[in-house]
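This briefing is for a reader who is new to the structure shown below. Please keep the sequence and the 3D view open while reading the points that follow.

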Amino acid sequence: VLDNVDRYVYVENESFILGLQHIVTGVLARSPNTKLILTCRPAVYVDHPKFLELPLTGLTHAEAMSLFQQKGVDTGSHENRELVRKAVRLTEGHPLWLTLLAAQFSVRRKDTAAMIQRGIEKIHLPIASTLLEPIWKDLRLIDVDILRTLAETARPHTFDDVVSLVKTRKTRRGHLSNALQKLVTFNLVAKHCDPYSGDKYELHPLVRVFVRNRYSPKQRASVISRIIDKYYNLRVAVFDKEQVSVVEIRTDTVSMLFEKAELMLNAGDVREALKTIASGDSLARQMGRAEDLIRVGELILSNIDLQVAINEQYEGIHSLINAFVHVTVEIGQRERTKKLLEAYESLVPAGSSLFVNLCNLRCYYHWYIDQFALALMWAERGMALKNKSGMDTDYDCEHNYNLALRDSGRYSEACD
């Protein structure tokens, strides 16, 4: 079961992309007894007799009545049944909003009824604002702190994690526990039961967006910095590429590397995000995390001026570009590779060590797509520049040059 795969959907032609495309086609072609269940918001179509799309509509009035009953609401009275009907109309049967209203209704009937009525009268307003604004106004400071923290985290967290991220000298553990349970009861926080690592808590994406939108980038940055300091900096080391092997790095640690980089982006610290992701890009590639590297790398590259980054020598910029070129061409995203190579070529000074790096990247790109003549041409340009100038640089084209020689049939030259 793969939940919420929106990022792997190409909306324009209603198809899966990247690794998910290979998984789906592979399962359909070679694993007839395997059942793959995926959820996403955009419509998707796969031309295969065993592919079945099930569009999910909102809850019906009867289903909403059952939901409210489960939350302890007396649906026997005509007044309450009418309120449930209005709630379905207001939310268009959306399960999250109906669950939230049902949870509120069981403890704050009059306020919830008024909320539903206001929403119907002001139907032009976003549903999130209509339902969450009145609740937000009645939250205590500790409730807001928990929601703001969970809104910025990149993964569900255990109660102990929440305590370490939110707790101050004036906040007791018991108070945090009570506040968290209240937020779960009100359906503002989702609780996931995990018998192995303990129950975990997170926000629904719609609630997360609502909370984030209430604060300025500067206000959000202070919360994100606290999360990085108290959680990620204790668990994510800056990798020494010469000394740390793949065997010594847990997959979870590499995941945290990506999460930390994304948090830094959300806080507006692009240079630190770049430094973080570049510190482990080669290990991420070796561990098969190419798509995460592309996703986060693209976010970073879209948030910086590449010319400024190169001119001002942002730490990690060339490492990220090298990794991005390799992984995009390797998984078939050639247009992305070409676009970045063209941008890099336009900014790299001819005759510099960076031009040698460009030649090596061009050589690798053309070798990988079987354009051996072009691969050899670029490698020879880089090697000639390096040999003629005698420059002291780690950038080198020889390895990829020999690959192109070998695969073009010039075996003896490659062995020499």
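A residue is called buried when its relative accessible area is under 20%, exposed when that area is over 50%, and partly exposed in between. By that cut-off helix H7 is mostly covered, with 10 of its 12 residues buried. The model is predicted. Its chain holds 22 helices and five strands.

**The chain as a whole**

- The chain has 416 residues, and 44% of them are buried.
- Along its principal axes, the C-alpha trace spans about 90 × 60 × 40 Å.
- The accessible surface of the chain amounts to about 22,700 Å². Carbon and sulfur atoms account for 50% of that surface.
- Take the contacts between residues at least 6 apart in sequence: 64% of these join residues at least 24 apart.

**Helix H7**

- Helix H7 covers residues 141-152.
- From its first C-alpha to its last, H7 reaches 17 Å, which is close to the 16 Å expected for its 12 residues at 1.5 Å a residue.
- Which residues of H7 are buried? They are Ile142, Asp143, Val144, Ile146, Leu147, Arg148, Thr149, Leu150, Ala151 and Glu152.

- Lys182 lies in helix H9, which runs over residues 173-185.
- Lys182 counts as partly exposed because its relative accessibility is 25%.
- Setting aside neighbours within four places in sequence, Lys182 is in contact with Arg140 and Asp143. Asp143 is one of the buried residues of H7.
- Lys182 and Trp136 are 46 residues apart along the chain, and their C-alpha atoms are separated by 13 Å.

**A three-stranded sheet**

- Three strands form an open sheet in the order S3-S5-S4, and their pairing is antiparallel.
- Strand S3 (157-158) and strand S4 (190-192) are at the edges; each has a single partner strand, so one side of each has no neighbour in the sheet.
- S3 pairs with strand S5 (residues 200-202) in the antiparallel sense, over two bridges.
- Opposite His157 stands Tyr201, a residue of S5.

- Most residues other than glycine have a negative phi.
- Is Glu92 buried or exposed? Glu92 counts as exposed because its relative accessibility is 70%.
- Asp370 is placed in the loop between helix H19 (353-368) and helix H20 (372-389). This positive phi comes just after H19.
- With a relative accessible area of 57%, Asp370 is exposed.

**Helix H19**

- How many residues of H19 are buried? The number is 14 of its 16 residues, so the helix is mostly covered by the cut-off of under 20% relative accessible area.
- At 1.5 Å a residue, the 16 residues of H19 should span 22 Å. The end C-alpha atoms of H19 are 23 Å apart, which agrees.

- Gln307 is part of helix H16, which takes in residues 306-311.
- Gln307 counts as partly exposed, since its relative accessibility is 43%.
- Gln307 and Tyr344 are 37 residues apart in sequence, and the distance between their C-alpha atoms is 8.6 Å.
- Cys415 belongs to helix H22, made up of residues 411-415.
- Cys415 is exposed, with 71% relative accessible area.
- Between Cys415 and Leu405, which are 10 residues apart along the chain, the C-alpha separation is 9.1 Å.

Key
Residues are numbered from 1 along each chain as its sequence is written. This is a predicted model: local features need pLDDT of at least 70, side-chain atom pairs count only at pLDDT 80 or more; totals for chains, interfaces and linings use all residues. Side-chain values use heavy atoms; hydrogens and water are left out. Helices (H or I, at least four residues) and strands (E, at least two) are DSSP runs, numbered from the N terminus. Buried means under 20% relative accessible area, exposed over 50%, partly exposed in between (1.4 Å probe, protein chains only). Two strands pair if DSSP finds at least two bridges between them. Contact means heavy atoms within 4.5 Å. Accessible areas come from the Shrake-Rupley method with a 1.4 Å probe; for residues, only the protein chains shown count as cover. The expected span of a helix is 1.5 Å times one less than its number of residues.
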